[in-house]
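Hello,

I am handing over the structure below. Please look it over first, then read my notes on what I found.

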Amino acid sequence: MGRATFDNFQDKFLTIEFPTVVEPFPWDVTRDGEDITFTLGAGEDEKSEVHKTTDVRKFLLENFNWNGIVHFMHLLSDKNDDFTYTRPTDLKGIPADDDILIIPDEATEAIIYEQAKYAIETTYADAPADNIDKILKYVDGKAKTGFSSDTLETTYDDLIKESDNSEMSYNGTSFSMPDLSTVSDKELYDFLKNLSQSRYGLWSEENNVTNFVSIRRVLDTSKSKYNDTLFLAWKESGSAKVAQYIGSTEPGKLGDSGNGQLLPQTTTVLLGVHKSITSGKSTPGGRTRNAYRKANGGANHYFLKGDTSMNVHYGHPDINVIPQGYGIHNNSTAKGYNNDEIEAYLLVVRVYNILTKWGIGKNESISCYKNLENNTKTLSVSNVLGEKEVDKKVNIVRDTDDVVKTIMYSTYKSYVSKNYKVTGKKATDAIRKDRANKLLMNYHNRANDGAPRDCYSGYELKDLLEELKQDRIFKSIVETQLEYESNLKKVDAQPGGGTIKKIEKTQEQKKKDKEKFDEITKEAKDDYKVLSELFNKWNGNTILSNEKETFNGNQISLLEYFKKHIKSNEQDFNPNSVQDVDNSGGKGIDKKVGGWSQGCQIILGGHNFYQFLNNLTQFIEDSSQERWYYTIVDSENITSTSSNNTDSNNNSNSLNE
């Protein structure tokens with residue numbers, strides 16, 4: 001092999017081509033406090049733009065529901081090496097504080113960074129230096145449709161919807177649906193927390209902060225009914241508490257021309273009012289914001305920014321007066337409210353919660369407040385008053401002199417004359433004779449006069465009827481009905497089957513009646529004390545103290561109106577009317593929702609709703625919670641643990657924190 005000469009080496013060396021070294025296009029994203037600075041270019045070509053963390057965050061808050069934001073955060077965390085997302089569980093329902101926990105400053109910086117990276121390395125990769133102004137315009141912090149597809153590699157719709165999510169594990173732990181009829185509060189709390197979080201929802205484990213979840217059951221397409229369960233869950237001194245309510249999360253009008261609907265998701269609930277279609281009054285309730293919904297009369301789904309008009313309110317209340325909302329009105333929580341406004345709103349809720357518990361009938365003469373007051377005192381029956389038969393009566397008096405109910409002798413005589421007369425029917429007359437004998441012996445037993453048990457054995461029915469018409473028997477029957485009875489509606493001097501059953505009770509049964517009566521009396525005294533304190537605050541509230549209502553053409557104070565004229569049925573619905581219990585213990589009532597809902601979230605019954613709203617707001621005075629994270633889940637997507645392992649519609653890696 002020959003040796004190369006210098007000339008040959010020089011010729012060959014000079015013909016070697018070295019690769020051109022391309023300097024990377026200079027750009028950077030930095031954050032200092034609320035300022036996110038995006039800088040690109042070098043030397044005289046260098047330009048920069050400052051974005052605010054608050055603006056980037058605000059855009060997300062206005063264009064996504066909460067599950068969309070949380071899902072967004074997880075995918076962004078997977079994409080960006082400098083941002084790691086941990087979903088907060090120390091939320092307090094205070095927007096200024098929670099917003100930063102849910103969308104941290106680091107996330108807003110990562111959004112600007114990823115927008116810049118995509119613009120420089122993809123959109124304008126061929127000549128970034130020649131497109132500096134276009135890149136600056138592209139990087140705007142508004143991360144929605146394009147950002148979802150380009151950076152997060154999903155779609156905007158897939159982020160905000162949860163309709164197909166059947167995940168039954170969270171953070172590496174599987175869970176399953178418990179039996180709602182037997183589950184403990186702790187077990188149910190944990191299930192609802194896992195269910196919400198597996199749907200990219202938000203959950204607070206802080207004491208005195210209330211979480212809100214509903215399970216929507218399969219809808220009967222012929223009509224909507226009250227077969228959904230709405231839950232409130234919270235911790236009190238570290239102990240888990242859960243309350244369940246029968247309601248409907250479905251629209252009342254179905255079909256092609258039907259109402260809209262809130263779809264499965266986690267959205268916002270604020271305090272506000274709901275305008276009643278029937279009365280035109282604005283009643284206390286909840287307002288939903290920034291929600292994914294179904295369009296009216298169609299299958300189109302879309303995100304509705306701001307107030308949705310799909311409220312949280314009651315259905316079929318059995319109250320004579322539709323409650324008026326005071327203090328907070330539509331969207332006022334978005335603008336802020338002063339102390340008297342929130343106090344007025346809460347006072348109305350607290351007062352209605354107590355009053356509707358003590359109603360005995362919306363068409364009765366006794367108001368809720370009067371019945372509550374009656375139950376706090378010792379009641380007795382006066383002697384028979386009046387000389388003439390038409391004037392004879394007994395009074396039920398409180399503390400010896402305050403008459404709470406009057407029963408006329410003529411009413412009693414008319415009843416026994418009709419129901420204890422001789423009919424000529426052997427079986428009927430035998431029953432009447434036996435009952436009449438028991439009513440008469442009841443008098444002697446109460447009087448303890450030593451009358452023998454068979455003292456009426458030789459009497460015919462017509463003779464027993466004459467005995468029943470005596471004043472002393474009239475009074476003893478009223479006394480018997482009043483004994484251990486908290487509902488004066490049942491004290492009517494009409495001794496039918498209920499009175500006979502009361503007479504026939506054993507001493508053990510009477511002992512239980514007394515214990516129950518004592519419990520009711522204690523509850524009444526406790527409620528009356530709380531109500532008195534609420535009314536004291538009422539008088540000091542600048543909004544409520546000045547409000548007037550019209551009654552019988554006269555203007556009276558709102559407080560007097562509440563005390564004297566608010567009436568409701570003892571129960572909004574009979575628990576025995578629960579006709580539908582699913583295999584998870586969820587209860588339903590076959591009652592048509594109809595016009596009560598145009599896509600709203602309905603609690604069945606007035607008292608049940610105000611109990612719900614009272615529990616929703618129970619800690620506001622201490623916690624200042626003003627926003628609730630509401631998760632809606634379709635029951636058909638709550639699958640067993642075994643099946644969800646093979647049929648998951650979510651990226652479980654994004655859920656593990």
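This is a predicted model: local features need pLDDT of at least 70, side-chain atom pairs count only at pLDDT 80 or more; totals for chains, interfaces and linings use all residues.

**Helix 12 and helix 18**

Helix 12 and helix 18 cross in a left-handed way.

Which residues in helix 12 meet helix 18? They are Tyr369, Leu372, Glu373 and Asn375. On the side of helix 18, the partners are Ile520, Thr521, Ala524, Asp527, Tyr528, Leu531 and Phe535. By class, this contact of helix 12 with helix 18 holds seven nonpolar, two polar and two charged residues.

**Helix 18 and helix 19**

Helix 18 also packs with helix 19, at an angle of about 155° and with the axes 10 Å apart. Angles over 145 degrees count as roughly antiparallel, so helix 18 and helix 19 are roughly antiparallel to each other. Helix 18 brings Phe535, Trp538 and Asn539 to the contact. Helix 19 brings Leu558, Leu559, Phe562 and Lys563. The classes here are five nonpolar, one polar and one charged. Phe535 is named in the contact with helix 12 and again in the contact with helix 19.

Helix 19 runs over residues 558-565. Its buried residues are Leu558, Leu559, Tyr561, Phe562 and His565. What covers them? The cover includes helix 11 (339-355), helix 12 and helix 18, along with strand 17 (548-551) and strand 18 (554-557).

**The chain as a whole**

The protein chain has 657 residues, and 50% of them are buried. It holds 23 helices and 22 strands. Take the contacts between residues at least 6 apart in sequence: 68% of them join residues at least 24 apart.

His51 lies in strand 3, residues 47-52. Is His51 buried or exposed? Its relative accessible area is 11%, under the 20% limit, so His51 is buried. A polar atom of the His51 side chain lies 3.2 Å from the backbone oxygen of Val139. Beyond its neighbours within four places in sequence, His51 is in contact with Glu34, Asp35, Ile36, Ile112, Val139 and Asp140.

Ser214 sits in strand 6, residues 211-216. Ser214 is buried, at 0% relative accessibility. Residues up to four places away in sequence aside, Ser214 touches Thr229, Leu230, Thr249, Tyr630, Thr631, Ile632 and Val633.

Ile603 belongs to strand 21, residues 601-604. Ile603 is buried too, with a relative accessible area of 0%. Ile603 and Tyr226 are 377 residues apart in sequence, yet their C-alpha atoms are 8.4 Å apart in space. Setting aside residues up to four places away, the contacts of Ile603 include Leu230, Tyr245, Ile246, Gly247, His313 and Tyr314. Also among them are Gly315, Asn608, Phe609 and Phe612. Leu230 is touched by Ser214 and by Ile603.

**Asn63 in helix 2**

Asn63 is in helix 2, residues 53-63. Its relative accessible area is 7%, and Asn63 is buried. The Asn63 side chain reaches the backbone oxygen of Phe59 at 2.8 Å. Asn63 also touches Lys144, Tyr156, Phe303 and Lys305, with residues up to four places away in sequence not counted. How many residues along the chain lie between the positions of Asn63 and Asn290? They are 227 residues apart, and their C-alpha atoms are separated by 7.3 Å.

Tyr484 is partly exposed, with a relative accessible area of 32%.

Ala493 is buried, with a relative accessible area of 0%.

Best wishes

How values were computed
Residues are numbered from 1 along each chain as its sequence is written. Side-chain values use heavy atoms; hydrogens and water are left out. Helices (H or I, at least four residues) and strands (E, at least two) are DSSP runs, numbered from the N terminus. Buried means under 20% relative accessible area, exposed over 50%, partly exposed in between (1.4 Å probe, protein chains only). A polar contact is a pair of N or O atoms within 3.5 Å; within protein, one must be able to donate a hydrogen and the other to accept it, and residues adjacent in sequence count only if both atoms are side-chain atoms. Contact means heavy atoms within 4.5 Å. A crossing is left-handed if the near helix is turned anticlockwise from the far one by less than a right angle, and right-handed if clockwise. Ala, Val, Leu, Ile, Met, Phe, Trp, Tyr, Cys and Pro count as nonpolar, Asp, Glu, Lys and Arg as charged, and the others, Gly among them, as polar. Axes are lines fitted to C-alpha atoms, for helices over the stretch in contact, and angles run from 0 to 180 degrees between N-to-C directions. Angles under 35 degrees count as roughly parallel, over 145 as roughly antiparallel, 65 to 115 as roughly perpendicular and the rest as oblique.
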